[in-house]
Amino acid sequence: MKILQRHFLGDRTSFTYPHCNGFLPGGAGVVYRQDVAPNRSVLHCLDLRTFATRALPEIPSLDPARAPGLAWDVALQTTRIGAISHKVAWVLDDIDAPAWRQVYASPEGVRHQDLPSLTPDGARFLTGENRPDGTFAAIEIDLATDRARTLFTKTWFANHFHYSPHDPSWIGFAHEGRCETTLDRCWAWHAEHAPEGRCVMDQCAVADDPRLPLNVGHERWAFHDTSAYVIAYAMSPGGKRGLWEIFADGRAPRLLRESNTVWHCNMDASGRIAVVDTSAPWDPVPATGEEFYRGRAAHLHADAEKLSYMSDVVLLDLKTGEDLHVARTTRTRHPYHPHPALSPDGRWLIYNDITPGQIGAWLVEFDVR
């Protein structure tokens with residue numbers, strides 16, 4: 001693997017959440033955000049063939065005192081974009097459309113989660129709600145009719161709803177909570193095969209010692225299989241920490257790359273190339289001893305206090321075992337986690353950085369040999 005070019009997208013730019021897609025079909029372009037004033041941001045589309053950029057219509061603001069949500073999702077097969085802003089689901093039907101249209105608004109008293117997901121064909125929009133009765137719901141909107149329905153609810157904090165890009169009849173979601181005590185983090189739902197949802201990773205059974213379960217999260221459902229890549233974090237009391245693949249159909253989880261510092265993950269359409277950021281310096285040989293404990297403590301302190309700290313961005317070739325260190329970033333609270341993502345065609349990498357003098361998103365072209 002080698003880097004071909006780097007491109008800084010501009011001051012106060014950022015990219016969408018890791019389990020959302022920000023690239024146009026075929027790798028033709030990328031959609032990124034720029035904060036242009038307090039509580040005001042604009043999405044831009046960068047043409048990856050010409051490097052020309054243009055602003056997209058602004059997402060309507062129903063509350064001028066608050067910025068829109070931090071995430072947007074581009075359909076994999078069309079240029080339809082979905083976003084959440086102020087309890088409203090919005091759709092831009094095409095990057096050439098003149099305005100966003102409202103497709104759903106949460107009822108009064110409901111907290112609307114701000115992570116959208118579109119099916120690959122752009123026909124359906126998925127979002128989540130926290131309801132006053134203490135339940136958490138997955139809501140699907142048919143974008144041909146703008147009719148919404150509740151797919152399922154949970155009595156515990158369910159979030160991070162997103163369609164499996166490989167088979168959108170499956171929906172991945174999370175049991176949210178402290179990773180040290182939430183031992184059934186990763187779930188999948190299917191109307192026929194798992195109508196109540198099912199936990200797809202037994203965090204005790206996959207650990208080296210079942211008394212020391214893995215602490216996992218930041219799952220991203222994959223393009224190449226009905227599976228997700230997920231991180232076993234540094235705070236896991238035992239091993240093996242690192243990048244795992246988990247499956248909706250009951251196949252056993254498998255460790256893709258052992259590491260004691262990985263934090264977020266993403267992959268290309270083939271599943272061969274993954275990208276990670278880290279909670280401490282990248283450890284091609286898993287960090288141990290004082291190095292590991294020092295890095296974990298610094299990460300936990302920065303995370304708890306919302307402070308700046310380092311994070312490495314690394315490409316992984318899961319076929320050859322090669323890795324390529326791309327950048328050392330500075331990170332702080334959202335939206336400035338690095339949150340690296342790959343274009344589905346495996347040509348482009350994007351990540352966020354707040355290193356002084358370059359606060360924004362970086363686009364990197366790379367080649368796999």
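What follows is a working chat about a predicted model.

Q: What kind of model is this, and how are residues numbered?
A: The model is predicted, so local features need pLDDT of at least 70 and side-chain atom pairs count only at pLDDT 80 or more, while totals for chains, interfaces and linings use all residues. Residues are numbered from 1 along each chain as its sequence is written, and side-chain values use heavy atoms, with hydrogens and water left out.

Q: How many disulfides does the structure hold?
A: The count is 0, where a disulfide is a pair of cysteine sulfur atoms within 2.5 Å. Cys-20 is in none, and the nearest cysteine sulfur, in Cys-265, is 14 Å away.

Q: Are Cys-20 and Cys-45 buried or exposed?
A: Cys-20 is buried, at a relative accessible area of 3%, and Cys-45 is buried at 6%. Buried means under 20% relative accessible area, exposed over 50%, and partly exposed in between, with a 1.4 Å probe and protein chains only.

Q: New topic. What is the strand order in the open sheet of 4 strands?
A: The order is E23-E24-E25-E26, with antiparallel pairing. Strands (E, at least two residues) and helices (H or I, at least four) are DSSP runs numbered from the N terminus. Two strands pair if DSSP finds at least two bridges between them.

Q: Which strands stand at the edges?
A: Strand E23 (262–267) and strand E26 (323–331) do; each has a single partner strand, so one side of each has no neighbour in the sheet. Neighbouring strands of this sheet are turned by 20 degrees against each other on average, direction ignored.

Q: How many bridges are there between E25 and E26?
A: Strand E25 (residues 309–317) pairs with E26 over 8 bridges, in the antiparallel sense. Met-310 has Thr-330 in E26 as its bridge partner.

Q: What lies across that sheet's strands E23, E25 and E26?
A: Helix H1 (residues 289–305) does, running at about 115 degrees to E25. Axes are lines fitted to C-alpha atoms, for helices over the stretch in contact, and angles run from 0 to 180 degrees between N-to-C directions. Contact means heavy atoms within 4.5 Å.

Q: How many cavities are there of 30 Å³ or more?
A: A search of the whole structure finds 4. On a 1 Å grid over the protein atoms alone, a cavity is a set of points where a 1.4 Å probe fits but cannot get out, and lining residues have an atom within 4 Å of a point. Grid points are joined across faces, edges and corners, and a volume is the space filled by probe spheres set on the points.

Q: What is the volume of the largest cavity, and which residues are closest to its centre?
A: The volume is about 110 Å³. The lining has 15 residues, and the closest to the centre are Asp-73, Leu-76, Leu-118, Tyr-163 and Pro-165. Strand E6 (72–74) and strand E11 (117–118) each supply at least two residues of this lining.

Q: Tyr-163 is in that list. What does Tyr-163 stand opposite?
A: Tyr-163 stands opposite Ile-171 in E16. Strand E15 (residues 158–163) runs antiparallel to strand E16 (residues 170–175), with 4 bridges, and a hairpin joins the two through 6 residues.

Q: Why is E15 called largely enclosed?
A: In E15, 6 of the 6 residues are buried, so the rest of the structure largely encloses this strand.

Q: And Leu-118, what is the bridge partner in E12?
A: Phe-125 is the partner of Leu-118. E11 and E12 form a hairpin with 5 residues between them, and Gly-122 in the turn has a positive phi of about 75 degrees.

Q: How many residues of E12 are buried?
A: In strand E12 (residues 124–130), 6 of the 7 residues are buried. E12 also pairs with strand E13 (residues 136–142) in the antiparallel sense over 7 bridges, and Gly-128 has Ala-138 in E13 as its bridge partner.

Q: Where is Arg-124, and what does Arg-124 touch?
A: Arg-124 is in strand E12 and is partly exposed, with a relative accessible area of 28%. Not counting residues up to four places away in sequence, Arg-124 touches several residues, including Glu-140, Tyr-163 and Pro-168. Arg-124 and Pro-168 are 44 residues apart in sequence and 9.7 Å apart in space, C-alpha to C-alpha.

Technical notes:
1 Å grid on protein atoms, 1.4 Å probe; cavity = no way out; pocket = protein on both sides within 12 Å on 5 of 7 lines; lining within 4 Å.
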